[in-house]
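I opened my notebook to look through one chain from start to end.

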Amino acid sequence: MIRVNTARIAPEGERIEGEEDSSILELESVPGAPIFSCGPVRYDLNASMVGRDLLVTGSAFVEFETECVSCLAKMKVRIGDPDICIHVENVPEEEVDLTPEIREDILLAMPVRFKCSEKCRGLCPGCGANLNVEKCRCGAKRKKRGENPENDAWRALDSLKF
Ligand SMILES: [Zn+2]
Ligand SMILES: [Zn+2]
């Protein structure tokens, strides 16, 4: 848990940094991309008291391995919030648990799908070739025969005026 003891915060504020196991994110309950291995949640926060209110700013990130939705290549991603801002009004207890807010901030930054690059060409639906690194084998055959039904379909669509 990422906690701050409000009684110990100096008037000029207190820096709280460290890491927590990624289990605090409960990633297994998050739908979307598969997550193969996950590093710790790294946070660097600044806590200060404004009267009875607690203000926490800073950043929190996590790094994990997932796969490209398009070519299925394994890829490492870094997700998080560089601009955390948590405001707890009238702090109820000395010790405040910041974990739920930080979890939410990180999960809000999480896309449902990841792509290894904007230019990823994905896998050929016909032969399964990874078009980033190899040539499509079924397309090559089609070219030899001088026909490409897919392209023809697009050409037909292009000629329509909407
Ligand atoms: Zn890809
Ligand atoms: Zn192919």
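How many bridges pair E4 with strand E5, and in which sense, parallel or antiparallel? I looked it up: the two strands pair over 13 bridges, in the antiparallel sense. E5 covers residues 74–88. I note here that this is a predicted model.

**Entry: the overall layout**

I stepped back to the whole chain. I found three helices and six strands. Starting at the N terminus, the order is β-β-β-β-β-β-α-α-α. The chain has 162 residues, and 14% of them count as buried.

Next I traced an open sheet. Its four strands come in the order E2-E3-E4-E5, and the pairing is antiparallel. Why is one side of E2 and of E5 left without a neighbour in the sheet? Strand E2 (14–20) and E5 stand at the edges with a single partner strand each, so one side of each has no neighbour there.

I reminded myself of a rule: strands of a sheet pair through backbone hydrogen bonds.

Then I took the pairs in turn. E3 and E4 run antiparallel and are joined by twelve bridges. Ser-48 stands opposite Leu-55 in E4. The hairpin of E3 and E4 has two residues between the strands, and Gly-51 there takes a positive phi near 65 degrees. Across from Thr-57, I found Cys-85 in E5. The hairpin of E4 and E5 has six residues between its strands. In that hairpin, Leu-72 takes a positive phi near 65 degrees.

**Entry: Glu-67**

Glu-67 lies in strand E4, and its bridge partner in E5 is Lys-74. Is Glu-67 buried or partly exposed? Glu-67 has 17 C-beta neighbours inside 10 Å, so it counts as partly exposed; being buried would take 20 or more. Leaving out residues up to four places away in sequence, Glu-67 touches Pro-34, Leu-72, Ala-73, Lys-74 and Met-75. Val-77 is ten residues from Glu-67 along the chain, and their C-alpha atoms are separated by 9.5 Å.

**Entry: the nonpolar core**

Nonpolar side chains tend to be buried together in soluble globular proteins. I went looking for such a group. The largest nonpolar core has 16 residues. Val-41, Tyr-43, Val-56, Ala-60, Ile-102 and Ile-106 touch the most other members. Strand E3 (37–50), strand E4 (53–67) and helix H1 (99–108) each supply at least two residues of this core. Which of them gives the most? E4 does, with five residues.

Beyond its neighbours within four places in sequence, Tyr-43 is in contact with Ile-2, Glu-17, Gly-18, Gly-58, Ala-60 and Ile-102.

**Entry: helix H1**

Last, I turned to H1. Which residues of H1 are buried? They are Ile-102, Asp-105 and Ile-106. Viewed down the axis of H1, these fall within an arc of 95 degrees, so they line one face of the helix. Pro-100 and Leu-108, on the other side of H1, are exposed. The buried residues of H1 pack against E3, E4 and E5.

How values were computed. Residues numbered from 1 in each chain as written. Chains lettered and ligands numbered in written order. Predicted model: local features only at pLDDT ≥ 70, side-chain atom pairs only at ≥ 80, totals over all residues. Buried ≥ 20, exposed ≤ 12 C-beta atoms within 10 Å, placed from the backbone. Core = buried A, V, L, I, M, F, W, Y, C linked by C-beta atoms within 7 Å. Contact = placed C-beta atoms within 7 Å. Pairing = 2+ DSSP bridges. Arc of directions from axis to C-beta.
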